[in-house]
Amino acid sequence: MTTLIVIDQPPYGSWAGRDALDMTFSLAAFDQPAAMLFLGAGVNWLCKGQAADAVGQKSVAKNLSAAALFGVEQILVDAQACAQYGLEFDDLLPGSTPSESISETLSQFSRVVFAG
Amino acid sequence: MPENTTATLHIINKAPEHARFRHCLASAQQGDTLLLIEDAVLALLDRGKQLPGASYGLEADANARAVANRVPADQLVDYAGFVQLTVNHSRIINW
Amino acid sequence: MPQPLSYTLVITGAPWATQAPQTALSFAQALLKAGHRIDRVFLYGDGVHLASALSAPPSDEQHWPRLWSEFLSGNNITAVACIASALRRGIVDKTEQARYELTASNLRAPFEIAGLGEWVEGNLKSNRVLYFHGTH
């Protein structure tokens, strides 16, 4: 019964992504199966080289890179959106899996959740 | 063909122009139901939107936005109907 | 009637900024009327503003925090505001007021402050988990 948490907002402009990350890591902390999907503009959360401190925020790159260690089963990323934002696989933090079809990806999870 | 054959209830409250609306429509499979609440009821009038066969608008939100009289009555549900849709679907995505 | 179901309702949209509290309340009332059960209401993100005891809307507007607290108390439903969301937004109970040496507390009864564990539990135990979001 894996829960898929979806992030479709870019980082830093809103807190939706952070709230989604907190939900994901809470599931993992309670030993509940969790995965993440970065959708649309949300793929930019996975971009290497973010300097969050430039806008007075904390970077989540370390959390995302260590997600598997925390028990997050998969980090999926919208391949079409990556192409749209000019992101090659090497531009992304390690450990993500491309999703070629969002519809197909969603159908694999019994629960799909947005944080906001 | 996806493995999961459980019918899904998609509930969306975003206006048709919102980016998430597109993803919601793209994810609706055969046999799924779409419930449009709040600003999403406007999609019932949006000629540019192809909605899945089983699409319903929440009556109160359609009334608020003065669109209820431009939508077939059997496409509107009240809050009791909203409840029943959630009872009937074990898989629900709130977009 | 068929087996009643149990629900966890998550509200992430703030009152007067989104319709989330209104849609959720109308739904919740219809849910109880249909004979189902609400295990808990969980406020997350901007939804925590629904738990403020200090809202003072104009008298001709719906008082969402009050309406919700009356509904929750009247039906004995557990209601939680997520601590991480609440503290950031200045929704605090007496414990947090003391911990952070703040000048006041403002949590509206019967809401309590708790962590995401409450949401995880809802995910595990309730038949249905519904989310009432804003529109950003």
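Helices (H or I, at least four residues) and strands (E, at least two) are taken as DSSP runs and numbered from the N terminus. The structure is a predicted model, in which local features need pLDDT of at least 70 and side-chain atom pairs count only at pLDDT 80 or more, while totals for chains, interfaces and linings use all residues. Residues are numbered from 1 along each chain as its sequence is written, and chains are lettered from A and ligands numbered from 1 in the order in which they are written.

Helix α2 of chain C spans residues 64–74. After this helix comes C:N76, with a positive phi near 55 degrees. A residue is called buried if 20 or more other C-beta atoms, placed from the backbone, lie within 10 Å of its own, exposed if 12 or fewer do, and partly exposed in between. By this criterion C:W64, C:W68 and C:L72 of α2(C) are buried. These residues lie on the same side of the helix because they cover an arc of only 60 degrees around the axis, the arc being that of the directions from the helix axis to the C-beta atoms. On the other side of α2(C), the exposed residues are C:E70, C:S73 and C:G74. The buried residues of α2(C) pack against three elements of chain C, namely α1 (20–33), β2 (37–43) and β3 (78–82).

A nonpolar core is a set of buried Ala, Val, Leu, Ile, Met, Phe, Trp, Tyr and Cys residues joined through C-beta atoms within 7 Å. The largest such core contains 101 residues, and B:L36, C:L9, C:V10, C:L43 and C:A81 have the most contacts inside it. Helix α1 of chain A (residues 16–29) gives the most to this core, seven residues. Two residues are in contact if their C-beta atoms, placed from the backbone, lie within 7 Å. Neighbours within four places in sequence aside, the contacts of C:A81 include C:L43, C:V48 and C:F111.

Chain B touches both chain A and chain C. Towards chain A, 13 residues of chain B are in contact with 12 residues of chain A. Of this side of chain B, α1(B) supplies the largest share, five residues. Five of the residues on this side are nonpolar, five polar and three charged; Ala, Val, Leu, Ile, Met, Phe, Trp, Tyr, Cys and Pro count as nonpolar, Asp, Glu, Lys and Arg as charged, and the others, Gly among them, as polar.

The contact between chains B and C takes 14 residues from chain B and 13 from chain C. Here the largest share of the chain B side, six residues, comes from α3(B). This side divides into eight nonpolar, three polar and three charged residues.
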